[in-house]
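I am opening a notebook on this structure. The entries below record what I looked up, one topic at a time.

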Amino acid sequence: MKKREAVIVGIADVPLQDGKLTESLCVLQVQARAARDALRDAGLSMRDVDGLLSTGMWGVPGPGQMPTLTLAEYFGIAPRFIDSTNIGGAAFEAFVAHAATAIEAGRCEVALLTYGSTQKSEKSRNLAGRPSVLTMQYETPWGMPTPVGGYAMAAMRHMHEYGTTSTHLAEIAVATRKWAQLNPAAMMRGPLTIEDVFASPMISDPLHLLDACLVTDGGGAIVMTTAEHAKALGRAPVYVRGYGESNTHWTMAAMPDLTRLTAAEIAGREAFRMAGIGHDAIDVAQIYDSFTITVLLTLEALGFCKRGEGGAFVSSQRTAPGGVFPLNTSGGGLSCAHAGMLGIFLLIEAVRQLRGECGERQVQNARTALVHGTGGTLSSGATCILSQS
Amino acid sequence: MYEKPLPVLDPESQPYWDALKQHRLLLKHCRACQRSHHYPRELCPHCHSDDLEWKQAAGTGRIYSYTVARRPAGPAFKADTPYVVALVELDEGARLMTNIVTADVESVRIDQRVAVQFDDVTPDVTLPKFRPV
C-alpha cells in the first residue's frame, strides 16, 4: 500500500480592519467562520472532519480550559483525533506536526486546526505578570513587564556577548514593514525607517515600541488531509516535509542561555533532518516575530547563520522584498497582525506563498517554505518545512 | 497597603520564604552533583537526584542580564518606573529574578557585582533585591 502523505489542503483567516474584527463576534464565532472558510477552500465540509486541534487564550477560566471539548460541541462533531497542547505561539506548528503524524498513521482523515482571539476588541492585554503561584512566585513579584521584559533581557545579553546593536534589531522591523506595504490586509502600511524605530518610546531597554509586535484580533483555520484525498478533491496540496518541536523553560531565570533558543535548535534540526534538505533549499521563511529579537535569535538557532551572527544576517535589508532571504512576507506580527498566538498565521502565509496567491508580495519560484513558531517567553519552538511537491 | 503581586506560598516554597523573613537567602543544593539551584525543586534540575539540602547563599553575585522597565508590569508598578528588573547569577551558580536597587538606572551593566538587600514588603513577605557593590 502506498504511504499516506499528509498535506495542507485548506486555509482561511478572518478579515480585520485596523487590527480589529470587521464586525462584533465572540471568539467561537471567529473560529467557526475561519473553519467554514478553510473547509470550503479545501472542498470539504464539517461532517468530513475527524481530527480537531486547537488551543488559545480565550475562555479561561471556563470553557477555554479544554478548548477541543468546547469547539467539538460548538461545531457539532465527535473527532477521533484531538490535540489541545498549549505551548503558546508555537502550538500551531506543533499541531501541523501532530496532525501529519496522525493522518499518516491513519488515525484521522481530515484534521481541522482553528484559532481565534478577540484580544484587541476586548482590550484584554497588558504588561502585568502571570499569577504569582508555583514557579511564578519566584518571578512575578519583581515586576518584569510581561512578556516584553524577558525578550529585552535576552536582547541585552545578546548585545553584551556578540555586539548586536539596536540598529540590527530595527533592520528587522523596517524590512518587515516593507513586506506589509505590499499586503493590503496588513495593519501598518506606512513607511518606516531605522530612525523611526529609535524614535518610538522605549518600553523595556533595549526594546522600543516598534521592536514589539502589534496587538490585534484574529482568527484562522487550516485543513489537512492526505495527498491522495487532496488530489481527489481537485485541490493543489501543500506537503508537510519535516517538523520538530521542543520546549525548555517557563520562568526567565530558568532559560538555559538567554542568547540561545535551545527549543528552536532542537525543532529545526529535527525538521531539516526529516525533510532531508539543507538551508539553501528554503525559498521563503515565516519566523515568529513577537519582537525583533525573537527573529534574530531564531535565525541563529535554526542555523541560517552562526551563533552571534544574527545581526549581520539581517543587516542591509537582506530580509526585505528584493532581498536574498524573503522573511515574514505578510508583514508578520510586527506590521500585519498579531492575535496573541501568531503560529497559525505564519502557516497560512507560507501556504499562500507556496500556492502563488500573494499578489504584489509573491516570492518568485517559492517552492519550499520554513515556518517556525515560538511560544511562552522564548520557551517553546516548533518548525514545519512545507513544499509544493 | 502593598498592592504589587505577592508570592502565593506552597508547601515547597514555605521554607524559602520563611528564611527570607529572617533575612537569609536559601538555595537548594544537590549532594550528588554539588550544584545549587533556584527556585527550590524536589529533584535536582542538573542531575535529577533527590538528594537535596537547603543551604544559605552568600548573597553575592553578578548581573547576568537586565532590563529597565520604562512601562510598568501593571498599575501597581507605575510609580516605580523606570525600574530595573534583572537576572542575577549568584556566586553559588544559581540564577534568580530580582530588582536592582539603584538611584541611577542608566548605570546598571551586565556582569556588575551585586549584593542582596532584603525588602520587607509586608509583615509576611520579604523580597530579596540586589544593589551594586
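**Entry 1. Two helices of chain A.** I began with H5(A) and H10(A), which are oblique to each other; angles under 35 degrees count as roughly parallel, over 145 as roughly antiparallel, 65 to 115 as roughly perpendicular and the rest as oblique. Helix H5 covers residues 148–162 of chain A and helix H10 residues 292–301, and they pack at an angle of about 55 degrees with their axes 9 Å apart. Axes are lines fitted to C-alpha atoms, for helices over the stretch in contact, and angles run from 0 to 180 degrees between N-to-C directions. Helices (H or I, at least four residues) and strands (E, at least two) are DSSP runs, numbered from the N terminus.

I noted that the crossing of H5(A) and H10(A) is left-handed, a term used if the near helix is turned anticlockwise from the far one by less than a right angle, with right-handed used if clockwise. From H5(A), Tyr151(A), Ala154(A), Ala155(A) and His158(A) meet Ile293(A), Thr294(A) and Leu297(A) of H10(A). I sorted the residues of this contact into five nonpolar, two polar and no charged. Here Ala, Val, Leu, Ile, Met, Phe, Trp, Tyr, Cys and Pro count as nonpolar, Asp, Glu, Lys and Arg as charged, and the others, Gly among them, as polar. Two residues are in contact if their C-beta atoms, placed from the backbone, lie within 7 Å.

**Entry 2. Conventions.** This is a predicted model, in which local features need pLDDT of at least 70 and side-chain atom pairs count only at pLDDT 80 or more, while totals for chains, interfaces and linings use all residues. Residues are numbered from 1 along each chain as its sequence is written, and chains are lettered from A and ligands numbered from 1 in the order in which they are written.

**Entry 3. Leu296(A).** I then picked one residue of helix H10 of chain A, Leu296(A). Is Leu296(A) buried or exposed? Leu296(A) has 27 C-beta neighbours inside 10 Å and therefore counts as buried; the cut-offs are 20 or more other C-beta atoms within 10 Å for buried, 12 or fewer for exposed, and partly exposed in between. Leaving out residues up to four places away in sequence, Leu296(A) touches Thr164(A), His168(A), Leu169(A), Ile172(A), Gly310(A), Gly311(A) and Val314(A).

Entry 4. Helix H3 (residues 91–104) and helix H13 (residues 343–355) of chain A have axes that come within 6 Å and cross at roughly 60 degrees. H3(A) and H13(A) are therefore oblique as well. Ala91(A), Phe92(A), Glu93(A) and Val96(A) of H3(A) meet Gly343(A), Ile344(A) and Leu347(A) of H13(A). The residues of this contact are five nonpolar, one polar and one charged.

**Entry 5. The sheet.** I traced an open sheet of nine strands in chain A, in the order S5-S4-S6-S9-S1-S10-S13-S12-S11, with mixed pairing. Strands pair if DSSP finds at least two bridges between them. Strand S5 (81–83) and strand S11 (284–287) of chain A are at the edges with a single partner strand each, so one side of each has no neighbour in the sheet. On average, neighbouring strands of this sheet are turned by 20 degrees against each other, direction ignored.

Strand S13 (residues 380–387) of chain A has eight of its eight residues buried, so it is largely enclosed by the rest of the structure. On one side these are Ser380(A), Ala382(A), Cys384(A) and Leu386(A), and on the other Gly381(A), Thr383(A), Ile385(A) and Ser387(A). S13(A) runs antiparallel to strand S10 (residues 238–247) of chain A, joined by eight bridges; Gly244(A) stands opposite Thr383(A). Strand S12 (residues 368–375) of chain A also pairs with S13(A) in the antiparallel sense, over eight bridges. The hairpin of S12(A) and S13(A) has four residues between the strands, and Gly376(A) there takes a positive phi near 65 degrees.

**Entry 6. Backbone checks.** Another cis bond joins Thr146(A) and Pro147(A), with omega about 0 degrees.

**Entry 7. The chain contact.** The contact takes 31 residues from chain A and 30 residues from chain B. The residues on the side of chain B are 18 nonpolar, seven polar and five charged.
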